[in-house]
Each structure stands twice: as C-alpha cells, then as structure tokens.
Amino acid sequence: MKRILFVCSGNICRSPTAEGIARHFIETSGLESDFEVDSAGTQGYHAGEPPDPRAMKAAAQRGYDLSPLRARKLEITDFQRFDLLLAMDRGHLEHMVRNCPEVYQPKLALFLEFAPELGEEEVPDPYYGGVNGFEFVLDLCEKGVDRLLGGALDGR
C-alpha cells in the first residue's frame, strides 16, 4: 500500500481538495487496498475544523465530498508514516524540508511535479480570492491526482 499525504498551509483549502479527489478516485477505481491518502497543514491554526465552505461547495459541484475531512497539523511522525508527502507550493515544501529528518527527505515533492504538462509548479492559495480560485484549484488537483495515482499504478 502506498501512503500519500497532501500538505498546504492550514489544511482547509488545497490539501483537503487534493485528498478528497484522491479518495474519490481510489474508491471509484476499487483501489482502497493500494492507497491510503490524508492531508495536513504546515500550521495548526485550523486544527479540527472542516474544509473551507467555498472549497466544499466547489468540490460538491463536481461530485467530491470533503465534509468528513478535518484539518490537522503536519506531525514529525508523518515523515516516517507516509511514502510520499506532497506540498502544494514551494513554501510548504521548504517548511517540510526544514522539519523532516534527512533520511525521509526523498519522500518530499511538489504535488504538481506529477503533472508537468499543466505548466504549473504550485497550486495557488484560493483563500483570499473568489470562486474562480477554488475552481482552478479543483482543475489542478483533478489533473494532478489523475497523473499521480495513474502513474503510481504504472509503477512511476
């Protein structure tokens, strides 16, 4: 089983969106025994809260249910537990590198490295923007998850 953790700032917009899409992909593809996914934030200021209502609404319109998810802070044990820890942007990746024991650093990457054809390296933070920002995050996360999990199935 591959364990994948998606990481953003507060774990209420980008990383739970990626997690929700990945869960949907895994469940609808019958891959529950192949993958475990979760998400976390580099900061704990939203710990225990559900995803941002705008993220949940945009996701629901595409058939993804984020309502069971709750924000949590990235923990040192996550570096050992997960096979792949994916940052939504370079700031998150830098935070992870600073806090990750050296032995686990090869597990760290930017999420969109798995979808280079998108021409985007980072998933932008939609928190302070409008609805279009959440739609763009969904677009990127759908394509990224498809390439990530499809690639994992192909042995990449």
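Q: Leaving out residues up to four places away in sequence, which residues does Glu32 touch?
A: Glu32 touches Met1, Ile26 and Glu27, where contact means heavy atoms within 4.5 Å.

Q: What kind of model is this, and what ground rules apply?
A: It's a predicted model: local features need pLDDT of at least 70, side-chain atom pairs count only at pLDDT 80 or more, and totals for chains, interfaces and linings use all residues. Residues are numbered from 1 along each chain as its sequence is written, and side-chain values use heavy atoms, with hydrogens and water left out.

Q: Why is Glu32 called partly exposed?
A: Buried means under 20% relative accessible area, exposed means over 50%, and partly exposed is in between (1.4 Å probe, protein chains only). Glu32 has a relative accessible area of 43%, so the label is partly exposed. Glu32 sits in the loop between α1 (14–28) and β2 (35–41).

Q: What makes a stretch of chain a helix or a strand, and how many of each does the protein have?
A: They're DSSP runs numbered from the N terminus: H or I with at least four residues for helices, E with at least two for strands. On that basis the protein has five helices and four strands. Their order from the N terminus is β-α-β-α-α-β-α-β-α.

Q: How do you know that the radius of gyration agrees with a compact globule?
A: The rule is 2.2 Å times the number of residues to the power 0.38, with the radius taken over C-alpha atoms. For 156 residues a compact globule would come out near 15 Å, and the protein has 14 Å, which agrees. Along the principal axes, the C-alpha trace spans about 40 × 35 × 30 Å. As for burial, 47% of the 156 residues count as buried.

Q: What share of the contacts with a separation of 6 or more comes from residues 24 or more positions apart?
A: Such residues account for 70% of those contacts.

Q: Why is the pair of Phe6 and Phe111 called edge-to-face?
A: Rings of Phe, Tyr and Trp (its six-membered ring) pair if their centres lie within 6.5 Å; planes under 30 degrees apart count as stacked, over 60 as edge-to-face and the rest as tilted. A search of the whole structure turns up two aromatic pairs. In one of them, Phe6 and Phe111 are 5.5 Å apart centre to centre with 90 degrees between the planes, so edge-to-face it is. Phe6 lies in strand β1 (residues 2–8) and Phe111 in the loop between β4 (108–110) and α5 (131–153), so the pair ties together parts 105 residues apart in sequence.

Q: What makes Phe6 and Phe111 buried?
A: Phe6 has a relative accessible area of 0%, and Phe111 also comes in at 0%.

Q: What about Tyr127 and Tyr128: why does that pair get the edge-to-face label?
A: Their ring centres are 4.8 Å apart and the planes meet at 85 degrees, so the pair is edge-to-face. Tyr127 is partly exposed at 29% relative accessibility, whereas Tyr128 is exposed at 77%.

Q: How do you know whether Met96 is buried or exposed?
A: Met96 has 0% relative accessibility, so it counts as buried. Met96 lies in helix α4 (residues 90–99). Beyond four places in sequence, Met96 touches Val7, Leu74, Phe79, Leu85, Leu86, Ala87 and Leu108. Leu85, 11 residues away in sequence, has its C-alpha 8.7 Å from that of Met96.

Q: Why does Asn11 count as buried?
A: Its relative accessibility is 2%, so Asn11 counts as buried. Asn11 lies in the loop between β1 and α1, and its phi is near 65 degrees, a positive value in a residue other than glycine.

Q: Where is Arg72, and which residues does it contact beyond four places in sequence?
A: Arg72 is in the loop between α2 (53–60) and α3 (76–81). Its contacts are Leu5, Asn11, Asp38, Ser39, Ala40, Gly41, Asp78 and Phe82.
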